[in-house]
Amino acid sequence: MKTPKQLPENTSYASQNFSLLVVWFALFCDYCLLTLAVPIFPQLEKSEFETGVLFAMKAMTQILSSPMVARHVDAYNLEPLLLGLFVEALSTVTFAFTKSYPAWCFARAISGISSSCIISSGFLHVQRRFANDPEGMGRSMSLVATGIIMGVTFGPPLGGLLYGVSEPLPFLFLICLICLCALLTYMLSLRLPPDIASKADAVQETNEEFKSKLKKLLLDPNITITLLSLFCANAAISCLEATFGLYMDKQFGFTVEQIGMLYVIGAVPSVIGSKIAGDLGNKHGRWKVVWAGMVMQGSFYALGPKDSFPIEIISLIGLGLGMGLVDGCAPALLAQRAGSHHDGTGIVYTLNTMAVQGGFVFGPLVGSAIMQSMGFGRMSAVLGLAMVAVSPLMAVNKNMPLPSEEGVEFTKIGEGEDIDDEL
């Protein structure tokens, strides 16, 4: 007979919901800044290479800064999130008040550092909030992940629309949102329950202990295969973003505005997929949901012929839904494994960030090269079928229990266990 789930001491549903609102809002602001610039950067009238470098600066610095964030994230509560929002505001101010290419490269670069702090700290806070409720954690992880997708969805049209009114306006608007989010985060930090605040205070580790913890994570196949799924899913989407507009322009003669609306077609099912991923993972197993998402994303990516407009629409819908399932369930799957075998460390979310951004660097480079030599249709088939071929590796997680079968607090499950014993 299952024992009823107990909320952590001094934790109410209202405070949990406030936590989810703050993390969702922070992720939305972070990814809105990421994509807000999509229609704006070309206005600098730089070469394709220089524009590409500007787009890539965030992903590169986010990957480079992730090890530093990983080293310290466990020892803090919401402080890294506040720091990330502050740096993001600085980046946005730079975009608003200058049009210098070097200054924009600097602003884009430091936004990668801020993103590392926001994502790692935000997901770790959700994990700590729901340490006694594995099913609730799964639903909450998928819910806050919709903030990422909503930011990606609304960033480009918001940037284009407001930039047409006044060049600094999209960035000034986003600065207001970031400042509001920072205020809410500070309010949340003042009302953290003692049991949550004490988890960060208890973490005081040496460099050797950190390296040992990181090594165990990287040697855990359940962690690395899940990270691989995130890498593949985001590489596929970023490859599509880099090639789809060019193909639709050449093949169908679509305008920039029409192409932007097509992205929304894929974004809506992505939000839906991310929202339902939590409940599906709780019921059927998170690894199955991620697996299904990879198969769906790869299959619809490969679907052809690509010169048929209805097929393109169907492909975007399937791609978006598959992406939502992967992004909505993978963080909770990582949290489940980190909680049961790695003392609930937040380093796993930094690795999550590195996998996602690695995909955003790898996808456009490889996809563009394949498209140039083989065409858009064959590129889609190659990358889509490759994702389907990789997806069965998710079965390495098949021995992980359903969230409903876990009755012990995540941060205590791993005591006395060592991943080396399994390897």
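Six nonpolar, one polar and two charged residues make up the lining of the largest cavity (nonpolar: Ala, Val, Leu, Ile, Met, Phe, Trp, Tyr, Cys and Pro; charged: Asp, Glu, Lys and Arg; polar: the others, Gly among them). The model is predicted, with local features requiring pLDDT of at least 70 and side-chain atom pairs pLDDT 80 or more, while totals for chains, interfaces and linings use all residues. Residues are numbered from 1 along each chain as its sequence is written, and side-chain values use heavy atoms, without hydrogens and water.

The lining residues are Leu240, Phe244, Tyr301, Lys306, Glu312, Ser315, Leu316, Leu319 and Phe376. A cavity is a set of points on a 1 Å grid over the protein atoms alone where a 1.4 Å probe fits but cannot get out, and lining residues have an atom within 4 Å of a point. Two or more lining residues come from each of α9 (221–252) and α12 (309–341), and α12 supplies the largest share, four residues. Helices are DSSP runs (H or I, at least four residues) numbered from the N terminus. The largest cavity holds about 40 Å³ of space, the volume being that filled by probe spheres set on grid points joined across faces, edges and corners.

Beyond its neighbours within four places in sequence, Leu27 is in contact (heavy atoms within 4.5 Å) with Ile118, Ile119, Phe123, Val144, Gly147 and Ile148.

Ser19 also lies in helix α1. With a relative accessible area of 2%, Ser19 is buried (under 20%, 1.4 Å probe, protein chains only). Leaving aside neighbours within four places in sequence, Ser19 is in contact with His125, Arg129 and Leu188.

Terms used: 1 Å grid on protein atoms, 1.4 Å probe; cavity = no way out; pocket = protein on both sides within 12 Å on 5 of 7 lines; lining within 4 Å. Buried < 20%, exposed > 50% of the residue type's maximum accessible area, 1.4 Å probe, protein only.
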